[in-house]
Amino acid sequence: MTYDLLIHNGTIVDGLGGEPHVGDVAVRDGVIKAVGSVTADGAKREIDATGLLVTPGFVDLHTHYDGQAIWSDRLTPSSAHGVTTAVVGNCGVGFAPCRHEDHDVLVDVMAGVEDIPGVVMTDGLPWTWETFPEYLDALEAGRRDIDVAAYLPHSPLRVYVMGQRGADREPATAADLARMRALAKEAIEVGALGFASSRLTIHKTESGSPIPSYDAAREEIEAVARGVVDGGGGLLQFVPDIPAGGYQPVLQTVFDVAEDVGLPVTFTLVVANVGDPTWPDALTMVEKANKKAGEGPFFTAQLLPRPIGLIIGLQLSANPFVLYPSYREIADLPLAERVAEMRKPEVRARILADKPGVGHPILYVAQAWDWIFPLGDNPNYEPDPADSIGARARARGVNPMEEAYDRLLDDDGHAMLLVATSNLENSSLDTVGKLLRRDDVVLGLGDGGAHYGMICDASYSTYFLAHWARDRTSGRFSVAEAVRELTSVPARVAGLADRGRIAVGYKADLNVIDHAALRLHKPVIRHDLPAGGRRLDQTAEGYVATVVSGQVIAEHGVPTAARPGKLVRGRQTAPVPR
């Protein structure tokens, strides 16, 4: 027997939580053909995995590569962190369906919600589509390193059906609802994984308005959900309005609709740093819904395995002074000149005495002093409270604004600070770890492809496998458990039963990992977006090889020329054992 790829003598972690064992994995025609002790007449490519982990490729349920998957052939950072399948269209934002006259509306939405500069989208997107099926065709026509699957996003759908009325969040008419249902049916039939929407208050357009889907009525959500059922079924992804109203009643509305029509739901879960926790109420709702459903987990909460937050700095979209008029006077200077100005005593005094102007609500969290931490060369995402800007300021006997100002000037203005807005209940990730052990909580929320100048959480897969399955002294996951959470669990939630495990007949998406050497690098700024746009990127050590459909897309962190990534059209069935 000959193979295209033979990975031999590795420690196989099957993705289902089974005990790791040493063996071989053989691949032909993009499919796993043999697992165990494999005798081969030859292979086009062999990888010696002695002492290394061999895992399924990781599945990322929450990304925003809707644009990057069109303008780029690499979906980084995700593909640099073992991800081989990424789901786009989350939060109900995206680029289809969209008429020509509504391009600016969707660009305004994506620029505000996902921090993607407008010029990046206007220069990077060819807009060769109008309908959602045409957008999927454009995705399918592209070459890229990893697979993508897509939800039908709510905001573009609403604007497509209702025009300016939809953008202005007017109630949908009966005719509007019928049209949305028909388009949802069509989207599922051509390959959408499901439907995504958001009610999050801070999801604003760049011009400051709530997104089109923000206060859509139950009747609208139900009409689209019934269209999903008409088309054959799929997953409902939802971001509830957590800051404004908690998980009730909006999430309950979505749960009720899903129960009525028979669809699963996955939603965003956050763990507040302080105050009365809201996550227990959300999970009580999940438990009740799953009990009613009878088969589960039918309803799942998505949780990031490290703090949700921002990365701020003088070169990024946010810093504590970005809304201050006195800082705005010098904000457009080249970095070296700006740093020189900020080091002048009179400029320092003027900025520190100023008051912020009006801006995007997310920018105001850049002054949460006790939850802001320096982010160094070995980034620490579970920092000691004593390292916060607030604690450092108290130790120095200065105002936190002064400490933040000084830290921003470190490394000649290249310093970065982590704003940990949530998930550090009791100043640790203990609660997050306990929740991730639940069957109704899944890994997600990395947001790859979005928040280019604020967030770089698409590396969470590496962090989870290194921090939670190796470095943490308490609450540690076994390697088998961690790999399961990164592979078969999200694949099951997405309905992609053809991947996420190492077994004969399954898709040959694989990682070969030096677990002992696995390490995250500090995020860096790159100017490789269309029109020279800026983004945060993050790489890692320890990935010996990443394989998609049997082709090696990266070795030792260096991409190859292989671009085997495909569009995944709709839910996939498990291979039939032979």
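## Basis

In this predicted model, local features need pLDDT of at least 70 and side-chain atom pairs count only at pLDDT 80 or more, while totals for chains, interfaces and linings use all residues. Residues are numbered from 1 along each chain as its sequence is written, and side-chain values use heavy atoms, with hydrogens and water left out.

## Overall fold

The chain holds 21 helices and 25 strands, taken as DSSP runs (helices H or I, at least four residues; strands E, at least two) and numbered from the N terminus. Its C-alpha trace spans about 75 × 60 × 45 Å along the principal axes.

Of the contacts (heavy atoms within 4.5 Å) between residues at least 6 apart in sequence, 75% join residues at least 24 apart.

## Burial and surface

Of the 578 residues, 61% count as buried, that is, under 20% relative accessible area with a 1.4 Å probe, protein chains only. The accessible surface, by the Shrake-Rupley method with a 1.4 Å probe, comes to about 21,200 Å², and carbon and sulfur atoms hold 50% of that area.

## Domains

An automatic or database assignment sets the domain bounds. Domain 1 covers 5-55 + 507-559, domain 2 covers 59-307 + 425-498, and domain 3 covers 310-422. The C-alpha centres of domain 1 and domain 3 lie 38 Å apart. Their contact takes 10 residues from domain 1 and 12 residues from domain 3.

Notes
Buried < 20%, exposed > 50% of the residue type's maximum accessible area, 1.4 Å probe, protein only.
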